[in-house]
Amino acid sequence: MIDGFSTPLSAMDAFGTSMAVTANNVANMNTDEFRASDVRLQTGAADQNGQEQGVQVAEIRQSTTEGPQRMDLRRVVNEDGSVSVEQGIVEGSNTDVAKEMTTMITDRRAFEANAAVVRARDDMTGVLVDRFV
């Protein structure tokens with residue numbers, strides 16, 4: 001890849017993955033027993049000079065924190081065809097909407113910053129080509 005593009009492009013890919021995981025968490029915040037996930041980022045692999053390049057997803061980790069408990073009523077169809085109502089406890093989603101929105105804003109700004117680097121590098125390449133052609 002052309003030098004100067006791989007680092008911001010890898011970061012954009014990693015932040016895109018983080019935004020997708022966050023969007024999934026928000027989309028499932030009302031799903032019973034849903035456990036939110038979190039993206040861990042790390043510095044990318046080393047190049048031929050031994051310097052680490054870019055950003056990559058280290059892991060996507062599902063939360064082990066329990067969601068809130070709430071009472072739930074369920075309709076049950078008995079063998080004889082009659083319907084009865086059973087009461088039970090259901091675990092709700094453990095998604096913290098405030099945390100997810102903060103993560104989404106942070107990821108968006110980081111994505112935009114890396115996109116600006118790519119645009120600037122592209123503009124610089126265009127100016128050089130215009131001068132020498």
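**Salt bridges**

The structure holds nine salt bridges, a salt bridge being a side-chain nitrogen of Lys or Arg within 4 Å of a carboxyl oxygen of Asp or Glu. The model is a predicted one, in which local features need pLDDT of at least 70 and side-chain atom pairs count only at pLDDT 80 or more, whereas totals for chains, interfaces and linings use all residues. Residues are numbered from 1 along each chain as its sequence is written, and side-chain values use heavy atoms, with hydrogens and water left out.

Select Arg35 and Glu91 to begin: their side chains form a salt bridge at 3.1 Å, N to O. This pair links distant parts of the chain, with Arg35 in the loop between H1 and strand E1 (37-43) and Glu91 in strand E4, 56 residues apart. Glu91 is buried, at a relative accessible area of 13%; buried means under 20%, exposed over 50%, and partly exposed in between (1.4 Å probe, protein chains only).

Next, select Arg108 and Glu112, whose side chains meet in a salt bridge of 3.1 Å, N to O. Both residues lie in helix H2, four residues apart, about one turn of the helix. An α-helix has 3.6 residues a turn, so residues three or four places apart point the same way. Arg108 is partly exposed at 47% relative accessibility, and Glu112 is partly exposed at 32%. Elsewhere, salt bridges that share partners join Asp32, Arg70, Asp72 and Arg74 into one network. Within it, the side chains of Asp72 and Arg74 meet at 3.0 Å, N to O; Asp72 is buried with a relative accessible area of 16%, while Arg74 is partly exposed with 47%.

**The overall chain**

Now colour by secondary structure. The chain has two helices and four strands, arranged along the sequence as α-β-β-β-β-α. Helices (H or I, at least four residues) and strands (E, at least two) are DSSP runs, numbered from the N terminus. Of the 133 residues, 24% count as buried.

Val90 in E4 is the bridge partner of Arg70. Five residues separate E3 and E4 in this hairpin, and Gly81 in the turn has a positive phi of about 95°.

Move to Ser84, in strand E4 (residues 83-91). Which residues does Ser84 touch, not counting those up to four places away in sequence? They are Arg74, Arg75, Val76 and Asn78, a contact meaning heavy atoms within 4.5 Å. The C-alpha atoms of Ser84 and Arg74 are separated by 8.3 Å.

**The two helices**

Select helix H1 (residues 6-27), which has 22 residues and reaches 31 Å from its first C-alpha to its last, close to the 32 Å expected at 1.5 Å a residue. The expected span is 1.5 Å times one less than the number of residues. Among the buried residues of H1 are Phe15, Thr22 and Asn25.

Finally, select Glu100 in helix H2. Is Glu100 buried or exposed? At 2% relative accessibility, Glu100 counts as buried. Its contacts beyond four places in sequence are Thr22, Asn25, Val26, Ala36 and Thr95.

Notes:
Two strands pair if DSSP finds at least two bridges between them.
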